[in-house]
Amino acid sequence: NEVTSLIRSGATVSVLFVDLDKFKSINDLLGHEVGDDLLVAVSGRLSEIVGQGGLVCRYGGDEFLVSIRNFSEKRVQRLGDRIVDGLSRPFQVSGHDLNIGACVGFAISGRDGDGLEELVRSADMAMYVAKNRGRRLAVGFCPSMRETRRERLKLEEELRYALSRKDRFELYYQPIYQTLDRSLVGFEALLRLRSRSGRFLPPDVFIPIAEEMGMMEEIGEWILKEACSEAANWPAHLIVSVNLSTVQFASGRLHAIVAEALDGAHLSTRKLQLEVTESVLIVIPESVLAQLSDLHTGGVRLSLDDFGTGFSSLNYLWRFPFDNLKIDRSFVSETGQKTRKSQAILNSIVSLSTTLGITTTAEGVETEGQMAVIEELNCDFVQGFLLSHPIPRSNVQAFIAEHAGSAPVFAESKTVA
């Protein structure tokens with residue numbers, strides 16, 4: 001009511017829509033009581049950042065609204081940036097160090113809407129743009145975002161339709177090669193979504209939305225079963241690597257789901273590698289560590305994906321039972337230029353991994369120049385368009401017949417029970 005009265009009086013009012021990252025995973029992994037305590041801590045920190053000149057309220061779930069008056073666009077942007085920075089710092093809640101983050105969208109009265117409801121909608125649209133641009137950003141509303149919002153709603157509808165039928169999801173397989181002789185050692189399973197119009201939708205667009213909509217646990221289970229079923233038809237030395245989402249750790253059933261997928265396909269654990277990104281590890285490290293340790297003890301290989309993308313910590317390599325480390329493509333893309341800095345970083349990563357007894361995979365290799373550097377550094381495995389694009393399931397057997405070698409390169413594993 002107070003904000004509405006200010007708008008009606010002609011005062012300039014700005015609304016900031018704050019959406020928390022990773023809250024659902026924390027709520028699911030540690031329980032609603034911890035989740036509620038985290039929301040209280042977030043509310044307190046938001047109030048400190050905004051100060052007495054603004055109003056902070058919880059909008060619903062993991063969303064907050066902030067309203068301020070008589071701020072210029074530059075000042076609103078600075079406040080949004082401060083909120084993003086402030087909520088990116090760890091929270092100490094109920095004995096846990098919790099790392100979340102936030103996206104912020106903002107709208108200004110008169111320019112982006114005349115009433116509070118319209119301002120909230122505009123700020124909400126801007127927040128979704130911030131998410132699509134990579135999260136942990138503050139973005140102001142502009143009229144073109146209305147079309148972006150419409151596209152988002154269409155994508156949500158496509159995902160609901162695909163999940164109800166499953167035939168819209170497809171797996172493509174990215175070959176993995178041994179660097180030394182470029183022999184085929186396995187494939188990484190990659191999810192694709194075919195829209196009702198027949199075109200493929202980019203996974204970096206639809207997967208985050210599927211996570212937000214609570215779909216990724218079911219989709220992830222489908223991927224595991226499909227990938228294991230396909231790999232059961234390959235030669236014994238070829239592995240399949242499957243990416244895991246943060247939300248798949250929430251239920252605590254990951255070990256059982258993996259075991260069911262392996263048993264259903266009659267697939268040995270030595271044929272399966274699971275990939276997790278560093279972002280998975282920073283949410284609830286203790287819970288994730290326990291589940292990964294159970295899987296590793298059961299014989300499944302574990303790979304740390306996208307190493308070096310912002311959260312890199314030697315602590316992860318020390319505490320978590322990784323067998324392989326994937327070097328992010330952003331480092332690989334610089335290698336062809338033979339820049340001193342990029343090669344020094346790559347050399348350090350490979351040397352550290354070798355010392356720890358962890359193999360390395362370079363992803364995103366697209367040129368012979370990049371390949372030459374990767375070979376020189378003695379990186380164990382390689383993926384990228386230079387050697388092969390991802391291929392559809394229907395072409396995998398023919399590809400194997402043409403490219404597969406015969407010498408196994410991965411150690412024997414136990415059986416998941």
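1. This is a predicted model. Helix H4 covers residues 73-88, 16 residues in total. From first C-alpha to last, H4 reaches 23 Å, close to the 22 Å expected at 1.5 Å a residue.

2. Which residues of H4 are buried? They are Val-76, Leu-79, Gly-80, Ile-83, Val-84, Gly-86 and Leu-87. Their cover includes helix H3 (32-50) along with strands S1 (13-20), S3 (63-69), S4 (91-93), S6 (102-108) and S7 (138-140). H4 lies across S1, S3, S6 and S7, and runs at about 165° to S6.

3. The sheet in question is open, has 5 strands in the order S2-S3-S1-S6-S7, and shows mixed pairing. On average, and with direction ignored, neighbouring strands here are turned by 20° against each other.

4. S2 and S3 run antiparallel and are joined by 6 bridges. One of the pairs to look at is Gly-60, whose bridge partner in S3 is Glu-63. H3 also packs on this sheet, where it touches S1, S2 and S3. The direction of H3 makes about 15° with that of S3.

5. The largest nonpolar core has 79 residues. Phe-169, Tyr-173, Phe-187 and Leu-274 have the most contacts inside this core. Helix H8 (residues 216-231) supplies the largest share of the core, with 8 residues. Another core, of 28 residues, lies apart from it; Val-18, Leu-20, Leu-38 and Ala-138 are among its members.

6. What does Leu-274 touch, leaving aside neighbours within four places in sequence? Leu-274 is in contact with Leu-224, Val-242, Leu-244, Val-258, Leu-295 and Val-300, and also with Arg-301, Leu-302 and Ser-303.

7. Strand S12 (residues 272-277) runs parallel to S13, with 5 bridges between the two. In this pairing, Gln-273 stands opposite Arg-301 of S13. Strand S13 (residues 301-307) is itself mostly covered, with 6 of its 7 residues buried.

8. S13 also pairs with strand S14 (residues 324-327), again in the parallel sense, over 3 bridges. Here the bridge partner of Phe-307 is Ile-327 in S14.

Conventions: Residues numbered from 1 in each chain as written. Predicted model: local features only at pLDDT ≥ 70, side-chain atom pairs only at ≥ 80, totals over all residues. Heavy atoms only, no water. Core = buried A, V, L, I, M, F, W, Y, C linked by side-chain atoms within 4.5 Å. Buried < 20%, exposed > 50% of the residue type's maximum accessible area, 1.4 Å probe, protein only. Helix = DSSP H or I, 4+ residues; strand = E, 2+ residues; numbered from the N terminus. Contact = heavy atoms within 4.5 Å. Expected span 1.5 Å × (residues − 1). Pairing = 2+ DSSP bridges. Axes fitted to C-alpha atoms, helices over the stretch in contact; angles between N-to-C directions.
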